[in-house]
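Here are a few friendly notes to read alongside the structure.

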Amino acid sequence: MVEVRVGVGDAVRSGQVVAVVESMKMHHDITAEVAGTVVTLDLAVDDQVAAGSRVASIRPGAEEAGATDEGPRLDLDARRADLDEVVARHRAGLDEGRPDVVARRHSGRRRTARENIAELVDEGSFVEYGPLVIAAQRRRRELDDLIARTPADGLVGGVATVNAAAVGADRARAVVASYDYTVLAGTQGFQNHRKKDRLFELAERQRLPVVLFAEGGGGRPGDTDTTAVSGLDCLAFNLFGRLSGTVPLVGIASGRCFAGNAALLGCCDVIIATAEANIGMGGPAMIEGGGLGAYAPEDIGPIAVQVTNGVVDIAVADDAEAVAVAARYLSYFQGPIDDWSATDQRALRHLVPEDRLRVYDVRAVLDTLVDDGSRLELRGGFAPGVITSLARVEGRPLGLVANDPAHLGGAIDSDGADKAARFLQLCDAHGLPVLFACDTPGFMVGPASEEAASVRHMSRLFVTGANLSVPCATVILRKAYGLGAQAMAAGSFKAPEFVIAWPTGELGGMGLEGAVRLGFRAELEAETDPADRQALFDQMVTAAYEHGKATNVAAQFEIDDVIDPADTRRWMTTVLLAAPIRDSHDRSHRPNIDTW
């Protein structure tokens, strides 16, 4: 017996605790079975209590005034010391517990890690993993200092919903993690590596997309509470790399992103970067330590370099736009939405000129074809001859690959082939149908093209296209010549769900001019007068054009039809978007998406 709470003569109510006994170091309440008056107390504090022992005798009687069987009312707002301690510990790592740090961050026109996460996720949905973790430096710093200065060991991460209002909570869950640059410059410490491992494994098990804010300086050499020597046995890069092709991976770079942070960023399907971002596989200290010179952080991988070389998929102005674009990007992989509208499709009839030599704005074609405001272009600053975009038609997401006749006449160069092939991998991995908008004279050729390893790069399109498990379709806007046109149709005009042309369509095994020069060389050389030779050449080109007009090709059933451009969406919704995704391999173990 450890406690007796009543005395002889006391009135008790039914259910009232009269004594407390200890068994196996746990305290158990002894309660009155009836209301009444205590007559005897049979045991005292420190007495041994056996099963069946009588603790007290109660003479049944009326309840005391105001007494009820329910006992005292529970105050739901009552404070508990243990809970207060936990709340205080959490608060130390929140922005409101670090006003000076937050003020410094804001003075640089930057948002905190927690502000970015709060803006991205649906309100009240974020469940954080490891918020009480601190840097593994107890051997060199005081505990209170670590709690105050290294909250969450510089990585805020957990599970939340994003876009739940549009797609539903069941499709909106995602893992969200952000390095905190205000904690040890966002470096990768022992504990935050363990936290990443935990989150990445969770993402794989539950098939959750990952959004990673990657700002930070890479590996941290100052952690002492470990047995690590090199740290090369950490699992984070392996676990994150395994997620490629399994779940969507969204990377955001804002500020300085070097070394290990940049490596994780580079594993992502898409990289969104702000105007002041610097991205590099090594920061200033690593570069100088390698004897490669001294550089300021701003000189390493600035946004102007990383957009044009294809590292950055989407360039944005600041943190706020980065968060908004990340949520928008993620939505394409969360399924269809109900709220959509579309432009009057008759406008498509007037966007490709009848004059086959006049250039036009293919982006205007794409924007008119898909749902209003739904097109999101990726890698727009790289390989401008090929346009890759995510979009929606009747609320359903899909991928778009288009040639831009304003660049190289729409010819596909090595960079353009790489850009398109990787985009096809992205769509294939995450179940998005693909529409090719074809207007190409073919692959770019010539000595300069071969110096860029075009044979290998361009052939990627055939290998990737032939192995798509998602449905694809091709719309010929104008030119469809040679191998380049076949590459815009998964390798063959019989491979897609449909291949259709607009009235401006023209097709051939190679470009008209080249075909005439090659096929009728003898006839042209036989004409000695330059003017007459040019007239003969023009006549032959015209004849070749008439022969390769889309209507003539459709008459031979090499393509499925020549249509009114205003009917394009009807073809897409009836055939492309309704087609099942072929199970050509186990979708739970998808091939990864190439980082390039």
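1. A word on terms before we start: a cavity is a set of grid points where a 1.4 Å probe fits but cannot get out, whereas a pocket is an open set. Please keep in mind that this is a predicted model.

2. How many cavities of 30 Å³ or more does the structure hold? There are five. The largest cavity has about 100 Å³ of space, and of its 15 lining residues, Arg110, Asn116, Phe213, Glu215 and Ser254 are the closest to the centre.

3. Which element gives the most to the lining of the largest cavity? That is H12, with three residues. Helix H3 (113-120) and strand S9 (173-179) are also among the elements that supply at least two. By class, this lining has seven nonpolar, four polar and four charged residues.

4. Helix H7 (190-206), strand S12 (256-258) and helix H10 (284-289) each give two or more residues to the lining, with the largest share, four residues, coming from H7. The lining divides into 15 nonpolar, 13 polar and six charged residues.

5. The second largest pocket holds about 450 Å³ of space. Among its 21 lining residues, Leu507, Gly508, Gly509, Val553 and Glu558 lie nearest the centre. Elements supplying at least two lining residues include strand S22 (506-508) and helix H21 (550-555). Here the classes are 11 nonpolar, eight polar and two charged.

How values were computed:
Residues are numbered from 1 along each chain as its sequence is written. This is a predicted model: local features need pLDDT of at least 70, side-chain atom pairs count only at pLDDT 80 or more; totals for chains, interfaces and linings use all residues. Side-chain values use heavy atoms; hydrogens and water are left out. Ala, Val, Leu, Ile, Met, Phe, Trp, Tyr, Cys and Pro count as nonpolar, Asp, Glu, Lys and Arg as charged, and the others, Gly among them, as polar. On a 1 Å grid over the protein atoms alone, a cavity is a set of points where a 1.4 Å probe fits but cannot get out, and a pocket is an open set with protein on both sides within 12 Å along at least five of seven lines; lining residues have an atom within 4 Å of a point. Grid points are joined across faces, edges and corners, and a volume is the space filled by probe spheres set on the points.
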